[in-house]
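The following note sets out numbered points for a colleague reading this structure. It takes up helix packing, domains, individual residues and backbone geometry in turn.

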Amino acid sequence: MNFTLSGALNAELEDRLVRYAAIDTMSDESSATTPSTASQFELQRLLKAELEGMGASAVTLTETGFLFATIPATVATKTPVVALLAHVDTVAGIGGVQVKPRVHRAYQGEPIVFPDDALLVLMPELSPYLAQKIGDDIITASGGTLLGADDKAGVDIIMTLAHQLLTHPEIRHGEIRVCFTPDEEIGTGIRHIDLDLLKADFAYTLDGGDVGEIVYETFSADKATVTVTGVSSHPGHAKGVLVNALYLAATITDTLPHNARTPETTEGREGFLHLYKMEGTAAECTMHFILRDFEREGLEEHGRLLQSVCETVQLTAPRSRIECVITPQYRNMRYWLENDMRPVTLAVDAMRELGIEPISPPVRGGTDGSQLTEMGVPTPNFFTGMQNIHSPLEWISVQDMQKSMLVLVRLMELWASA
Ligand SMILES: [Zn+2]
C-alpha cells in the first residue's frame, strides 16, 4: 500500500456509517417525483458539503437528486475515467426511519441482542459469515429498523476513499468520478442519470455483499403480457355463446410447467417464467409474467414456451382471442463486459494482491449496473461487506468495509497504468 493503514481509517468508516445510517432516506414506490422522497436530499446535501470540505472538485447536486464529484487525477498520462457509485436510499417497508446504529467493538462471538425487539437475535451459529468476523467491529441497528448499510456502506467507503486519495496525492490514479444516486430500491433512480454529468468510461457500483465479491453477471429480463378476450353474454342465455376468459387463463397457467421453470423451483443459473399478477372478468383477462434467464437462448426459450401454450389454448377456443406480447426489460451485463473485461480483471488482480479471493456469483436479479452497462458504461458490482440486507438483522463489519476501500485504492492505481 502507498499509505500506512491506521486505526484512524476504521474510526472514519465507523463514524461515517453511524452518521449516514441515522438519516432517514427511504425511497417510496408510490411517489411520482424524482427523487421519490425529499428526505434523500438531506443526506445528499450533507455529502455535498463533506466532499467540498475535503477538496473534491466539480461537486454537483442535480434537481433529480444525483450528487456528482471529481477526484482529480494525480498522473499526467491520459487514463480511463472510472466512476464509483452508491445509492443513498434505503428500502421501504421494514422501517428505515429513526435508525439507531449500534457498534459491537471487537466482537467476541456472543449472541447479539437488540434493545428494541427482544425476539431478535444474531449469532454465529445461524450466520456462518458472522462466525468469520470474530474480533471485528460489527455494526447493527437496534431492532425496530433495518441498518441501511445497503447502501450507506457503499456511500461510506466511497467517501472515505475520496478523503484518503485527496489527502494522499502520492497515490497514483487517473480521474475518478464519485456519484451518489437516489431510488435504487424502487428501480427507477438510475434511468434519470445524466451520462454527460457522469462522464466516465467505466464504473463500479459499491452495492455488493461478502468480501471478494465482484459481480458481472445478472439476469436477462423480459416481461410478457397475455391478454385473453372471451365472448361475454348474459349468463342466463349463454349456452353456446359465452367464452369465459377466466377459464382460458386458468388453462394457460395449468399448461405451463409447475415443478420447473418457476421462481420457487429454480436457483443458481436456472431461469424461470413467473406469473405475478392476473386480473380480469369472464369477458377479458390480463396475465402479467416476468421471464428471466442468464442466457439469451434461455430467455427466448421461455418466451417461445409461453407463446406456444397461448397458441395451443387459442386453438381449443377459436372464438376467443389470446394475445401474448413480450417486451425486453434488461440484459445480462456480461454481454457488454465480455468485449472488455478490464473492469473485472483489474478488480480481481487488486484483490489477489491484497490476499482476497475474488468471487463472482451470478445475480438473480438486476442492478443499477445492468442498466448503466446497457447505457454504455460497463459497471460491475463491488463488495462492501453488507449482510442480511432488507432485514432488522442487517449488519456489517467495519473491517470488511476497510478491505473494500483498500482494494479500491489498489484498483484505482491499476487503472492508472491500464
Ligand atoms: Zn443496494
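1. In this predicted model, helix α4 (residues 149–167) and helix α11 (residues 398–416) pack at an angle of about 50°, and α4 and α11 are therefore oblique to each other. Their axes are 10 Å apart, and the crossing of α4 and α11 is right-handed. On the α4 side the contact is formed by Ala153, Asp156, Ile157, Thr160, Leu161 and Gln164; α11 contributes Met401, Ser404, Met405, Leu408 and Val409. Sorted by class, the contact of α4 with α11 comprises seven nonpolar, three polar and one charged residues.

2. Helix α11 also packs with helix α9 (residues 342–353), the two axes coming within 9 Å and crossing at roughly 125°. That angle makes α9 oblique to α11, and the crossing is right-handed. Here Leu346, Ala347, Asp349, Ala350, Met351 and Glu353 of α9 meet Val407, Arg410, Leu411, Leu414 and Trp415 of α11. The contact of α9 with α11 has eight nonpolar, no polar and three charged residues.

3. A further helix pair is α6 (residues 245–255) with α7 (residues 296–316), packed at an angle of about 135° with axes 10 Å apart. This makes α6 oblique to α7, and the crossing of α6 and α7 is right-handed. Leu248, Thr251, Ile252 and Thr255 of α6 make the contact with Val309, Cys310, Thr312 and Val313 of α7. By class, the residues in the contact of α6 with α7 are five nonpolar, three polar and no charged.

4. The protein is divided into two parts: domain 1 (7–217 + 332–416) and domain 2 (220–330). Taken over C-alpha atoms, the centres of domain 1 and domain 2 are separated by 39 Å. Which numbers of residues bring the two domains into contact? Seven residues of domain 1 contact five residues of domain 2. On the side of domain 1 that touches domain 2 there are one nonpolar, four polar and two charged residues.

5. On the overall fold, the protein has 11 helices and 16 strands. Its C-alpha atoms fill a box of roughly 85 × 55 × 40 Å along the principal axes. Buried residues account for 45% of the 418 residues. Of the contacts between residues at least 6 apart in sequence, 78% join residues at least 24 apart.

6. Arg292 belongs to strand β13 (residues 284–293). Is Arg292 buried or exposed? Arg292 counts as buried because 25 other C-beta atoms lie within 10 Å, against a threshold of 20 or more. Setting aside residues up to four places away in sequence, Arg292 touches Phe219, Ala221, Gly271 and Phe272. Between Arg292 and Glu270 there are 8.7 Å in space, C-alpha to C-alpha, and 22 residues in sequence.

7. Val75 is placed in the loop between β2 (67–71) and β3 (82–87). With 14 other C-beta atoms within 10 Å, Val75 is partly exposed. Apart from neighbours within four places in sequence, Val75 is in contact with Arg172, His173, Gly174 and Ala416. Val75 and Leu166 lie 91 residues apart in sequence, and 13 Å apart in space from C-alpha to C-alpha.

8. The bond from Thr34 to Pro35 is cis, with omega near -5°, and Pro35 sits in the loop between α1 (7–21) and α2 (39–53). Asp150 and Asp151 are likewise joined by a cis peptide bond, with omega about 10°; Asp151 lies in helix α4. As background, most peptide bonds are trans, and most residues other than glycine have a negative phi.

9. Positive phi values are found in residues other than glycine. Ala106 has phi near 45° and is in the loop between β4 (102–104) and β5 (112–114). Ala106 is exposed, since 9 other C-beta atoms lie within 10 Å. Arg261 has a positive phi of about 60° and is located in the loop between α6 and β12 (272–280). Where Ala106 is exposed, Arg261 counts as buried, with 21 C-beta neighbours inside 10 Å.

Terms used:
Residues are numbered from 1 along each chain as its sequence is written. This is a predicted model: local features need pLDDT of at least 70, side-chain atom pairs count only at pLDDT 80 or more; totals for chains, interfaces and linings use all residues. Axes are lines fitted to C-alpha atoms, for helices over the stretch in contact, and angles run from 0 to 180 degrees between N-to-C directions. Helices (H or I, at least four residues) and strands (E, at least two) are DSSP runs, numbered from the N terminus. Angles under 35 degrees count as roughly parallel, over 145 as roughly antiparallel, 65 to 115 as roughly perpendicular and the rest as oblique. A crossing is left-handed if the near helix is turned anticlockwise from the far one by less than a right angle, and right-handed if clockwise. Ala, Val, Leu, Ile, Met, Phe, Trp, Tyr, Cys and Pro count as nonpolar, Asp, Glu, Lys and Arg as charged, and the others, Gly among them, as polar. Domain bounds come from an automatic or database domain assignment. A residue is buried if 20 or more other C-beta atoms lie within 10 Å of its own, exposed if 12 or fewer, and partly exposed in between; C-beta atoms are placed from the backbone.
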